[in-house]
Amino acid sequence: MAKILVVEDNALNIKLFCDLLTAHGHEAEAVTDSREALDAARAFAPDLVITDIQLPHISGLELIELLKGDADLAHVPIMAVTAYAASGDEERFRAAGAQAYVSKPISVVRFVESVTELLESAGVAAESAPTVGPGDSASTQEPPT
């Protein structure tokens, strides 16, 4: 079981992310105020951080830089999540230190795959968990391209 810190200011997204993570055998802790995220990460010692980019007070981009600048947390993989994706954003998020990027509305399948890939790349073993398929009622599909 991995410990995953979710930094998100939207209650519905927190519920969705935490429910998905818990259903896949992980321990999720949510932080709604980005000003508390660094201290929460130090106390929780997560295996992965998932952060929204559009946060009040301290942006997700700033938070990524703070996490990567902390000696105890620099090794923790980070997934950036945002609804406001513009050209070049993924490159900016990755340059700041995020290892993955998922756009909202999220695809549940893509979200779970990204979490699994990040944990595996960090050497964190995942428990066997139910698979979420495209036909599952919890699935939120990305808009067609």
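A: A search of the whole structure finds two aromatic pairs. Rings of Phe, Tyr and Trp (its six-membered ring) pair if their centres lie within 6.5 Å; planes under 30 degrees apart count as stacked, over 60 as edge-to-face and the rest as tilted. This is a predicted model, so local features need pLDDT of at least 70 and side-chain atom pairs count only at pLDDT 80 or more, while totals for chains, interfaces and linings use all residues. Residues are numbered from 1 along each chain as its sequence is written, and side-chain values use heavy atoms, with hydrogens and water left out.

A pair of aromatic rings is described by the distance of the centres and the angle of the planes. Take F17 and F111. Their ring centres are 4.9 Å apart and their planes lie at 15°, so this pair is stacked. The pair links distant parts of the chain, 94 residues apart. F17 is in helix α1 (residues 11-23) and F111 in helix α5 (residues 108-121). Helices here are DSSP runs of H or I with at least four residues, strands are runs of E with at least two, and both are numbered from the N terminus. F17 and F111 are both buried, a term for under 20% relative accessible area; exposed means over 50%, and partly exposed is in between (1.4 Å probe, protein chains only).

The other pair is F93 with Y101. Its rings are 5.3 Å centre to centre, with 40° between the planes, and the pair is tilted. F93 counts as buried because its relative accessibility is 1%. Y101 is buried too, with a relative accessible area of 16%.

K3 lies over the face of F44, at 4.8 Å from the ring centre. The criterion is NZ of Lys or CZ of Arg within 6 Å of the ring centre and within 35 degrees of the ring normal.

Now the fold around these rings. The chain has five helices and five strands. From the N terminus on, the elements run β-α-β-α-β-α-β-α-β-α. The strands form an open sheet of five, in the order β2-β1-β3-β4-β5, with parallel pairing. Two strands pair if DSSP finds at least two bridges between them. The edge strands are β2 and β5 (100-103), each pairing on one side only. The twist averages 20° from one strand to the next. Axes are lines fitted to C-alpha atoms, for helices over the stretch in contact, and angles run from 0 to 180 degrees between N-to-C directions.

Follow the pairing through β1 and β3. Five bridges join β1 and β2 in the parallel sense, with V7 opposite V31 in β2. Strand β1 (residues 3-7) also pairs with β3, parallel again, over four bridges. There the bridge partner of V7 is T51. β3 in turn runs parallel to strand β4 (residues 78-82), joined by four bridges. D52 stands opposite V81 in β4.

Five of its five residues are buried, so β3 is largely enclosed by the rest of the structure. In a regular strand the side chains alternate between the two faces of the sheet. Both faces of β3 are covered: L48, I50 and D52 are buried on one side, V49 and T51 on the other. Over the whole chain of 145 residues, 45% count as buried.

β1, α1 and β2 make a right-handed β-α-β unit. β3, helix α3 (residues 60-68) and β4 make a right-handed unit as well. A crossover is right-handed if, with the strands pointing away from the viewer, the path from the first strand over the helix to the second runs clockwise.

The loops hold some local detail. H24 sits in the loop between α1 and β2 (27-31). At 10% relative accessibility, H24 counts as buried. Its side chain reaches the backbone oxygen of L20 at 2.9 Å. A polar contact is a pair of N or O atoms within 3.5 Å; within protein, one must be able to donate a hydrogen and the other to accept it, and residues adjacent in sequence count only if both atoms are side-chain atoms.

A45 lies in the loop between α2 (37-44) and β3. Phi of A45 is near 50°, a positive value in a residue other than glycine. A45 is partly exposed, with a relative accessible area of 42%. H57, in the loop between β3 and α3, has a positive phi near 75°. H57 is exposed at 53% relative accessible area. The peptide bond from K104 to P105 is cis, with omega near -5°.
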